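Colleague: I have a structure to look at and would like to go through it with you. Could you take me through some of its features, one topic at a time?

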Amino acid sequence: MGKRKELKLEIHESGKASKSQKLCGTNYPVCISFIVVNEFCERFSYYGMKAVLTLYFINYLHWDQNLSTAVYHAFSSLCYFTPILGALIADSWLGKFKTIVYLSVVYVLGHVVKSVGAIPSVGDSTIHIALSMMGLILIAFGTGGIKPCVAAFGGDQFDEEHMNERRKFFSIFYMSINAGSLLSTVITPILRGNVQCFGGDCYALAFGVPAILMVIALVVFISGSGMYKKSPPEGNVLLDVCRCLGLAIKNRWMSSKYDSKRKHWLDWAEEKYPKRLIHEIKMVLRVLVLFIPLPMFWALFDQQGSRWTLQATRMNMAFGSAFVLKPDQMQMLNALLILMFVPIFDVVVYPLIGLCRINLTPLKKMAVGMIFAALAFGAATLVEVNVMKTVVEPAPRGQCLLQVYNLADSDVKLSIPGSNLFSQPIKSYEDPQAYQHLELGGNNKTITVGINHNGHFHECRETFTEQKAYSLVLHSKTWGIVCQLATDNILKSEKMEAYLRFINTRSEAVNVTMAGVDFYIPADYGISPNKTVERNEYTSVRCTSGSQDFSINLGLLDSGASYTVILKGGSGDIIPQKMEDVKANNVHIAWQIPQYALMTAGEVMFSIPGIEFSYSQAPANMKSLLQAGWLLTVAFGNVIVLIVAEGAGLDQWMEFLLFAGLLVAVCIIFSIMAYFYTYVDPGELDKLFPDKTVNEDEDDLKKDQTDDTLYLNSIEKSTNM
């Protein structure tokens with residue numbers, strides 16, 4: 001990101017260079033252990049918080065899925081815009097060490113504010129939203145600001161003669177990134193769902209633990225302060241590039257048609273800037289033009305934490321009866337697969353392709369990676385189509401949902417003015433038909449429903465409110481048909497539980513106790529409230545009615561389903577009849593594995609070759625500039641998701657298909673651009689401009705350090721860490 005400075009040794013008053021302390025018999029500085037532990041804790045902190053963020057928006061702040069997705073990606077985008085700010089601060093003002101410390105304090109404050117906003121007793125919903133947004137902004141500035149500094153600061157700690165140890169350090173650093181990410185995406189959802197606080201999921205704890213980890217990261221990093229080599233800030237190449245571009249544009253704009261023509265518009269800056277710098281900027285701009293289509297890949301990739309997590313909430317997460325996965329834990333699959341795929345592609349796939357005499361250049365790999373990502377969204381579309389078969393979509397404005405329970409002694413036929421709904425006879429005690437959309441024409445409406453029963457006509461007047469779901473329960477008395485309107489729950493439980501309610505047709509009230517949940521069902525067609533119960537087989541459920549005890553068999557109450565159990569029978573028995581209002585999550589979470597595998601394969605072929613290409617095509621002092629451009633493609637990719645989520649208004653499966661199609665189209669454009677791109681050798685600059693002013697040894701050392709830093713950043717991005 002920022003311009004990488006040459007390694008320096010601290011000079012004491014005696015004028016001698018001080019050597020850092022080494023780990024037992026090795027050439028590794030002791031201080032790198034502090035940096036590695038810091039990175040582990042920071043990545044745990046960031047990904048632990050981010051893993052539960054989408055569900056926090058939906059379940060705690062009560063936002064809809066589109067708004068939750070938009071804010072999630074707005075936050076992700078900000079996290080990849082702020083590295084530019086961090087690099088500027090580090091290279092032009094504070095230096096890497098102080099930048100990491102100061103922005104880590106901002107980072108900690110963001111976590112604390114976010115955790116406080118997740119405590120229900122702290123203010124109302126407006127306060128919770130304000131604290132949450134403030135916390136996320138602070139976290140984005142913290143994590144983004146230190147991102148370009150920590151890796152380079154670690155590389156600074158090695159002596160010039162220990163380059164091999166530095167490269168091995170980056171491998172250790174990379175493992176700490178993955179360890180922090182994997183553990184956090186497993187542990188934080190458990191803290192959210194398995195620990196109950198304030199009467200529900202413990203989001204305060206799920207955010208609080210990452211806050212504690214970030215405090216530990218800061219304390220550990222500061223603890224090694226006396227051992228670090230701290231290079232002072234010496235300016236930023238990004239500023240030089242921006243000034244050069246600005247001058248060229250200004251001079252070109254102010255030039256008259258009588259001025260001598262220049263071959264390239266950047267040549268208008270030659271009066272102040274050396275030709276070598278201008279030529280280097282031209283090389284960088286050619287690569288940056290190729291970056292223009294790349295945000296679409298990240299638009300798909302980063303939906304693993306938003307849309308794909310929401311998809312998982314409507315799937316069957318159970319692996320047998322012993323283990324139930326949480327929807328926000330599926331994100332760990334990407335990190336696991338990347339550890340498997342990187343060596344497989346390097347050792348097996350690429351060599352096999354080479355044996356077929358196919359020249360797979362970095363740009364070709366990136367195009368293939370885009371196709372894999374598009375295929376991943378094609379697989380996600382197929383899963384979504386099947387998942388939606390179990391979902392009851394809420395009614396739009398001006399409508400409500402209605403189903404009918406016929407608990408009368410014979411068939412009934414309904415007539416609703418201005419509608420042909422329920423035109424067929426409804427049999428006694430049959431499972432209700434699918435929910436029907438009832439047109440209201442406004443916020444609410446009182447409707448007279450006609451009922452034909454045994455040749456007699458009855459009427460009942462009920463008031464319906466838009467966007468709600470109702471069950472109209474009919475039962476017979478000696479004088480005719482009685483109507484009861486019950487408000488239904490059609491939303492699936494985010495905890496993979498089942499919703500359950502009872503209707504008691506008996507003349508005595510019934511108490512039901514199961515899995516620690518108590519139901520009281522009044523007599524004479526009383527209806528209990530909807531309550532959630534754990535997914536399980538309930539073969540012996542305890543009931544009491546009057547002075548009698550009963551045991552009933554409800555069978556499997558499955559994840560995501562909503563059940564209505566009709567209690568029938570006389571004074572000596574209770575007979576349950578279970579009906580399914582909302583279908584269970586019958587699409588298993590294992591069906592998400594193909595889309596994760598395809599996306600990870602696409603990531604391996606897109607991200608790492610992308611960094612390899614941009615590094616190989618840029619001059620040594622411009623490589624950090626291209627790293628900034630690379631991270632900006634991630635930021636703009638999240639902006640694309642934000643726009644589509646808020647503006648498209650499509651069904652989810654259609655949105656997935658839209659993203660897949662857009663990426664295929666972008667891949668075609670990128671492939672055409674790549675076909676006409678001519679690879680260059682930045683090393684030729686020394687032949688073109690032999691009068692370079694930079695000392696050769698310093699330049700080589702700076703190039704080595706930049707190489708190492710970008711190597712780490714490429715792997716870090718390839719795991720989305």
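Modeller: Ile371, Leu375, Val664, Ile668, Ile672, Tyr675 and Phe676 make a nonpolar surface patch of about 740 Å². Please keep in mind that this is a predicted model.

Colleague: Which helices each supply at least two residues of the nonpolar patch?

Modeller: They are α13, which covers residues 362-387, and α16, which covers 652-675.

Colleague: And which one gives the most?

Modeller: That is α16, with 4 residues in the nonpolar patch.

Colleague: Changing topic, where is Asp328?

Modeller: Asp328 is placed in the loop between β4 (323-324) and α12 (332-355).

Colleague: Is Asp328 buried or exposed?

Modeller: Asp328 has a relative accessible area of 0%, and therefore it is buried. The cut-off for buried is under 20%.

Colleague: What does the side chain of Asp328 make a polar contact with?

Modeller: The partner is the side chain of Arg192, at 2.9 Å. If neighbours within four places in sequence are left aside, Asp328 is in contact with Ala51, Val52, Leu55, Thr185, Pro189, Arg192 and Thr309.

Colleague: Next, Gln595. Which helix is it in?

Modeller: Gln595 belongs to helix α14, residues 593-616. Gln595 is buried, because its relative accessible area is 0%.

Colleague: Which side chain makes a polar contact with the side chain of Gln595?

Modeller: It is the side chain of Gln311, and the distance is 3.2 Å. Not counting residues up to four places away in sequence, Gln595 touches Trp308, Gln311, Ala376, Ala379, Ala380 and Val383.

Colleague: Now the whole chain. How many helices and strands are there?

Modeller: The chain has 18 helices and 22 strands. Of its 721 residues, 56% are buried.

Colleague: One last point: what share of the contacts with a separation of 6 or more comes from residues 24 or more positions apart?

Modeller: Such residues account for 73% of those contacts in the chain.

Methods:
Residues are numbered from 1 along each chain as its sequence is written. This is a predicted model: local features need pLDDT of at least 70, side-chain atom pairs count only at pLDDT 80 or more; totals for chains, interfaces and linings use all residues. Side-chain values use heavy atoms; hydrogens and water are left out. Patches are made of residues with over 30% relative accessible area and no salt bridge: like charges are joined within 9 Å, nonpolar side chains (Val, Leu, Ile, Met, Phe, Trp, Tyr) within 5 Å. Accessible areas come from the Shrake-Rupley method with a 1.4 Å probe; for residues, only the protein chains shown count as cover. A salt bridge is a side-chain nitrogen of Lys or Arg within 4 Å of a carboxyl oxygen of Asp or Glu. Buried means under 20% relative accessible area, exposed over 50%, partly exposed in between (1.4 Å probe, protein chains only). A polar contact is a pair of N or O atoms within 3.5 Å; within protein, one must be able to donate a hydrogen and the other to accept it, and residues adjacent in sequence count only if both atoms are side-chain atoms. Contact means heavy atoms within 4.5 Å.
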